[in-house]
Amino acid sequence: MLARKSIIPEEYVLARIAAENLGKPRIRDRPRKARFIAKNGACNLAHKNIREQGRFLQDIFTTLVDLKWRHTLVIFTMSFLCSWLFFAMMWWLVAFAHGDMNYPCVQNDDVSEWKPCVTCVRSFTSAFLFSIEVQVTIGFGGRMMTEECPIAITVLILQNIVGLIINAVMLGCIFMKTAQAHRRAETLIFSRNAVIAVRNGRLCFMFRVGDLRKSMIISASVRIQVVKKTTTPEGEVIPIHQQDVPVDNPLESNNIFLVAPLIVCHIIDKRSPLYDISANDLASQDLEIIVILEGVVETTGITTQARTSYIAEEILWGHRFVPIVAEEEGTYAVDYSKFGNTTKVAAPRCCAKELDEKPSILIQTLQKSELSHQNSLYMHKRD
């Protein structure tokens with residue numbers, strides 16, 4: 001079947017499409033910059049071309065703790081298995097050198113002129129079983145030491161010492177892996193987005209932080225850093241330039257009482273790296289704001305650290321976090337379903353520097369917001 005011709009000539013349609021495309025500005029997507037800190041707190045950093053690998057073996061305990069669980073369990077199993085096999089070979093050599101292989105299994109109550117070093121060790125399998133019994137102190141009773149061979153007593157002492165060292169190192173390693181500080185950080189949460197709004201007459205950068213557990217974080221403190229690529233006047237390019245950001249805290253100790261979710265505030269003033277950034281300029285900024293929460297776990301006494309970051313696309317200008325703490329029947333209840341919810345509020349679109357130079361901008365913005373709110377209430381009553 002032939003396609004039906006259009007009533008409008010094809011040349012006119014093509015010319016019209018071309019004219020519309022020429023009239024629209026072409027906006028190319030800016031390549032997205034890699035995050036330095038992921039939302040879950042993991043560092044997006046790869047170490048390459050490390051030549052001195054032996055430095056990791058000098059701190060073998062930390063290396064074992066930092067390994068993945070499957071590698072730790074393999075090393076845990078192989079350390080015991082290799083020690084059992086090594087001392088099984090030692091016991092077999094002791095029995096072979098003493099000639100115990102040529103005599104039958106003799107118990108203590110048997111009357112015989114021949115006294116073996118270890119009773120009932122006549123093969124490598126029996127020597128391996130005896131090695132396991134010695135190191136893990138099972139003691140089934142079928143195989144036992146005698147006072148006939150001093151070398152066997154020496155091997156017994158060495159195996160006990162080696163077994164205790166392996167137990168101490170591997171059990172300590174597994175305990176440290178299960179009690180690592182970042183496990184506690186899994187219940188320390190941050191809001192998905194940060195906001196910029198007016199608080200107490202100043203533009204502020206704000207985010208919310210909370211703790212899901214009832215056990216508290218003692219001496220909790222929050223630090224904020226801005227990471228971006230900068231170029232010095234001499235032409236040196238610094239790919240990861242870190243700059244501290246002050247946190248507005250009424251307490252002189254700079255600690256927070258994290259018993260309920262809190263909104264951490266940073267006043268955008270002359271010391272802030274966001275001082276010259278307006279709402280329109282924010283989308284084009286290649287910056288990353290890193291938030292670090294540190295404190296001591298109440299139950300274990302271990303220092304923990306939780307991290308997250310906010311890029312320009314995750315900062316909402318002219319928004320405010322909704323309240324989530326309410327008093328119900330004599331107790332304070334926290335609704336975590338609204339933890340990251342925000343609502344739009346009146347905020348000037350200019351930067352904080354311009355707002356300091358022209359304070360009337362804030363007054364005009366608030367007056368327009370109040371007038372718009374009154375009009376909406378009037379229309380709602382009218383309907």
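Helices (H or I, at least four residues) and strands (E, at least two) are DSSP runs, numbered from the N terminus. The model shown is predicted: local features need pLDDT of at least 70 and side-chain atom pairs pLDDT 80 or more, while totals for chains, interfaces and linings use all residues. Residues are numbered from 1 along each chain as its sequence is written, and side-chain values use heavy atoms, without hydrogens or water. Strand β3 covers residues 202–211, and nine of these ten residues are buried, so the strand is largely enclosed by the rest of the structure. Buried means under 20% relative accessible area, exposed over 50%, and partly exposed in between (1.4 Å probe, protein chains only). β3 pairs (at least two DSSP bridges between the strands) with β1, residues 188–190, through three antiparallel bridges. Within that pairing F190 is bridged to V209 of β3. β7, residues 262–267, also runs antiparallel to β3 and is joined to it by six bridges. R208 has I263 of β7 as its bridge partner.

**The hairpin of β2 and β3.** Strand β2 spans residues 194–199 and is antiparallel to β3, with five bridges between the two. I196 is bridged to F205 in β3. Two residues separate the strands of this hairpin, and N200 has a positive phi near 55°.

**Strand β4 beside β8 and β6.** β4 takes in residues 217–231 and β8 residues 287–297; the two are antiparallel and are joined by ten bridges. I217 lies opposite V297 of β8. β6, made up of residues 255–256, is antiparallel to β4 as well, and two bridges connect them. Opposite A220 is I256 in β6.

**The hairpin of β4 and β5.** Seven bridges hold the antiparallel pairing of β4 with β5, residues 237–245. T230 is set opposite I238 of β5. Five residues lie between the two strands of the hairpin, and G235 in the turn has a positive phi of about 95°.

**Helix α6 from end to end.** This helix runs over residues 150–178, and its 29 residues should span 42 Å at 1.5 Å a residue; the C-alpha atoms at its ends are 42 Å apart, which agrees. The expected span is 1.5 Å times one less than the number of residues. Which residues of α6 are buried? They are A152, V155, Q159, G163, I166, M170, C173 and K177. An α-helix has 3.6 residues a turn, so residues three or four places apart point the same way.

**Helix α5, mostly covered.** α5 has twelve residues, and from the first C-alpha to the last it reaches 16 Å, close to the 16 Å expected at 1.5 Å a residue. Nine of the twelve residues are buried. Those buried residues are S126, A127, F128, F130, S131, I132, E133, V134 and Q135.

**The disulfide of C117 and C149.** The structure holds one disulfide, that is, a pair of cysteine sulfur atoms within 2.5 Å. The sulfur atoms of C117 and C149 are 1.7 Å apart. The angle about the S-S bond is -65°, and the link is left-handed.

C204 takes part in no disulfide, and the nearest cysteine sulfur, that of C265, lies 3.5 Å away. Is C204 buried or exposed? C204 is buried, at 1% relative accessible area.

**C350 and C351.** The cysteine sulfur closest to that of C350 belongs to C351, and at 6.0 Å the two are too far apart for a bond. C350 has 9% relative accessibility and therefore counts as buried.
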